[in-house]
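Okay, thanks for coming, everyone.

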Amino acid sequence: MSDHSSSYVPSNGFTRWLDERLPVLRMMHGQFIDFPTPRNLNYFWTFGGILTFCLMVQLITGIILAMHFVAHGDHAFQSVEHIMRDVNWGDLIRYTHAVGASMFFLAAYIHMFRGLYYGSYKSPREILWILGVMIILVMIITAFMGYSLPWGQMSFWAVTVITNLFTAIPFVGESITQWIWGGYSVGDPTLNRLFSLHYLFPFVIAALVGLHIWALHVVGSNNPTGVEVKTEKDTVSFFPFYIIKDGFAVIMFALLFAWFVFYAPNYLGHSDNFIEANPLQTPQHIVPEWYFLPFYAILRAIPDKLFGVIAMILAICVLFVIPWLDTSRIRSVRYRPLYKPFFWLFVITCLALGYLGAKAPEGYYLLASRIFTAYYFIHFLVVMPVVGLYETPKEVPDSIADSVLGKEATSETAQ
Amino acid sequence: MKTDCLTILRAATLSFTLAGAVAVFTGSAALAAGGEGPHIERQDWSYNGFFGKYNKAQLQRGFGIYKEVCSSCHGLKLLSYRNLVQKGGPEFSKEEALAIAKEATVSDGFDDSGDPKERPGKLSDRFQSPFSNDQMARSANNGALPPDLSVIAKARTYHRHVPWYTEPYYWLYDMATAYEEKGSDYLYALLTGYKDAPSDMTMGDGMHYNEVFPGHQIAMAAPLSSEMVDYEDGTKPTLEQHAKDITAFLAWASEPHLNARKDLGKRVMIYLAILALLLYLAKLSVWARVKH
Ligand code: HEM
């Protein structure tokens with residue numbers, strides 16, 4: 001894919017001069033103008049573009065927020081309120097950043113389920129997928145650190161609960177936890193390092209996204225049929241076809257985004273975070289942001305702290321190995337009658353875990369979290385390998401062009 | 001053989017998930033029956049929803065209540081006197097706001113011999129809190145701390161008592177109607193929620209029974225009663241009216257730029273909608289060239 005010949009022609013003296021020294025415009029032209037892209041992508045393939053948009057929004061709003069934020073236990077809360085009240089457009093910048101985090105995760109989760117459904121993690125896209133899993137891991141850490149910065153009650157206690165998990169490490173847990181805190185409890189030094197890293201990590205994400213897109217452009221996009229691109233008939237050029245489609249999708253997404261920013265900016269937040277951090281008073285319920293709830297449910301489903309932490313980490317890290325856990329010969333769930341119900345069961349499981357993460361871990365709720373946690377892992381460790389071995393897939397089209405144009409048409413001159 | 005194996009797997013996972021669903025269901029049913037926290041009514045606020053805006057007259061009445069009643073115990077330290085003049089707020093005239101500011105005494109550094117100086121407030125000053133520290137506030141209030149009210153309307157909420165399978169409906173409903181005013185609902189319910197304690201409840205020393213306060217025992221005596229504060233605009237000074245007005249004022253204090261935000265939001269949404277339409281038409285015409 002990346003070795004397709006670029007149709008770039010420098011248009012003037014300067015670009016010709018540049019092209020002989022640093023062919024960056026040629027590269028951009030090849031990757032984003034005439035890059036051959038499957039002609040049958042549906043709107044689920046626009047979420048990569050949407051995620052790029054989200055990352056840019058977070059970077060821009062975040063850098064502006066950092067100009068006004070004070071990373072100090074006595075001033076952080078007030079400085080955020082100062083942004084909301086006194087900085088020009090400050091309330092919109094902050095709300096865009098806060099809502100943006102939720103939108104980012106919404107898009108990332110849809111993007112991931114897309115990958116799971118169409119088998120985009122399968123060969124030859126393993127590295128592309130693994131880079132994605134690394135991105136979601138860093139995103140989770142970044143969002144968690146960002147949420148701590150306003151130093152409200154929920155910020156403070158979320159940091160306390162999560163950093164305390166490190167004490168579960170045998171022998172050295174205590175020392176590691178104090179090293180992370182920079183003291184004997186969560187405090188000013190903790191807040192400072194959280195801020196420092198929260199500023200750093202988005203650039204790590206940006207670098208990973210660069211590699212992610214590079215990897216994508218080496219192997220090319222998968223598509224709803226899961227059949228690899230075979231001939232030119234299977235593709236269209238990225239420009240104008242997918243630029244315009246992605247652009248439309250980004251604006252539709254921006255409409256939802258704007259609805260939250262302008263009309264429900266605190267809807268996804270928690271009211272306790274408008275109370276200043278108080279180390280002496282534990283909130284009644286400590287609940288993470290919605291996008292962490294499934295993982296939180298898994299953490300609390302396990303009676304042992306150490307194993308709870310391990311299960312929570314494994315819940316994400318198992319994704320690293322699914323290219324090798326999935327034994328199916330074909331990619332797209334569209335043609336996998338046996339696996340399809342399991343896929344939807346898995347989606348329900350994730351939603352259910354999200355619901356349960358917000359509930360107190362007791363009685364039937366706890367029981368349900370355990371059952372769904374079990375299925376979460378069974379899905380990857382048992383269902384994926386076993387079903388793939390036994391399944392007889394439905395008939396898969398010979399080529400993308402076939403599936404779009406019908407068999408007869410492909411032999412003729414199809415555009 | 002193959003299919004047997006799969007049927008077992010399929011049945012096992014399905015029953016797993018079903019069991020989970022049943023557990024959620026029974027769990028929520030049990031909770032809903034027992035109830036967690038009091039019932040709080042959703043109110044209609046001038047500032048909720050897509051077209052919501054603060055009502056200037058109501059904010060002025062609310063400020064009157066704050067000044068005459070609440071300010072003797074509660075601070076509003078994130079507000080400045082100049083905010084009272086700002087658009088989208090109570091919109092007092094500059095003179096009125098200055099007169100309000102001047103009633104406060106503000107510390108003003110030290111004089112040449114090192115003694116603390118004081119001066120009357122200016123528009124640029126923050127609201128002065130009634131107590132200079134928490135200890136003083138507690139000792140004046142029977143050990144309880146009257147919280148600063150600057151963001152109180154966003155710092156409180158309540159749990160709706162609905163069966164779990166209707167919860168997503170309410171989430172979507174609040175989201176679609178742009179309803180973020182659960183904090184206001186709570187404040188209104190708190191201020192109108194003082195009742196006689198049930199006979200089987202032993203009340204702590206200096207505590208008052210309140211229907212919606214967590215635990216029902218609150219250290220603040222009912223701060224409002226009907227006709228407590230005079231209204232110059234002819235509004236009937238009932239307890240409910242007082243409670244609504246002070247709540248609206250506190251909501252504004254928590255979210256002073258709401259009017260401007262919702263205003264701009266409409267323009268942004270219309271702009272985006274038109275852009276989306278144009279892009280969609282462009283997309284249709286570009287893609288009309290190929291089958292897909
Ligand atoms: C900052 C976050 C991310 C950005 C900006 C991003 C960006 C992109 C872009 C632009 C594409 C091509 C367009 C598309 O197929 O949607 C893409 C494809 C892909 N992404 Fe991501 N991505 C992100 C996170 C993730 C995550 C968390 C995963 C999975 C764990 C992932 C897995 C994939 C896969 C497998 C593809 C290829 C899909 C296919 O060709 O079918 N990405 N990504």
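So, chain B: the centres of its domain 1 and domain 2, taken over C-alpha atoms, sit 44 Å apart. Domain 1 of chain B is 40-79 plus 126-256, and domain 2 is 264-292; those bounds come from an automatic or database domain assignment.

Quick housekeeping: this is a predicted model, where local features need pLDDT of at least 70 and side-chain atom pairs count only at pLDDT 80 or more, while totals for chains, interfaces and linings use all residues. Residues are numbered from 1 along each chain as its sequence is written, chains are lettered from A and ligands numbered from 1 in the order in which they are written, and side-chain values use heavy atoms, with hydrogens and water left out.

On confidence, the model scores ipTM 0.92 and pTM 0.94. Chain B averages a pLDDT of 92, with 95% of the residues at 70 or above; pLDDT is the predictor's confidence in each residue, from 0 to 100.

Now chain A. The assignment gives domain 1 as 30-288 and domain 2 as 300-396, and here the centres over C-alpha atoms are 23 Å apart. Between those two, 32 residues of domain 1 are in contact with 28 of domain 2, contact being heavy atoms within 4.5 Å. They bury about 2600 Å² between them, 71% of it on carbon and sulfur atoms. That's accessible area, with a 1.4 Å probe, that two parts lose on being put together, summed over both.

How many salt bridges cross that domain interface? The rule finds 2, and it asks for a side-chain nitrogen of Lys or Arg within 4 Å of a carboxyl oxygen of Asp or Glu. Elsewhere on my list for chain A is the salt bridge between A:Asp326 and A:Lys122, at 3.6 Å, N to O. On the domain 1 side, α5 (90-117) and α6 (126-148) of chain A are the elements giving two or more residues, and α6(A) has the largest share, with 8. Helices here are DSSP runs of H or I, at least four residues, and strands are runs of E, at least two, numbered from the N terminus.

Next, chain A against chain B. 68 residues of chain A contact 67 of chain B, and the buried area is about 6000 Å², with carbon and sulfur atoms giving 71%. There are 16 residue pairs in polar contact, both at pLDDT 80 or more. On the chain A side, α10(A) gives the most, 17 residues. That side splits into 52 nonpolar, 7 polar and 9 charged, where Ala, Val, Leu, Ile, Met, Phe, Trp, Tyr, Cys and Pro count as nonpolar, Asp, Glu, Lys and Arg as charged, and the others, Gly among them, as polar.

The rule finds 3 salt bridges across the chains, out of 22 in the structure over all chains. One salt bridge joins A:Asp86 and B:Arg126 at 3.8 Å, N to O. This pair crosses from the loop between α4 and α5 of chain A to the loop between β2 (116-120) and α4 (134-140) of chain B. B:Glu167 also forms one with A:Lys359, the closest N and O atoms being 3.4 Å apart.

How values were computed:
A polar contact is a pair of N or O atoms within 3.5 Å; within protein, one must be able to donate a hydrogen and the other to accept it, and residues adjacent in sequence count only if both atoms are side-chain atoms.
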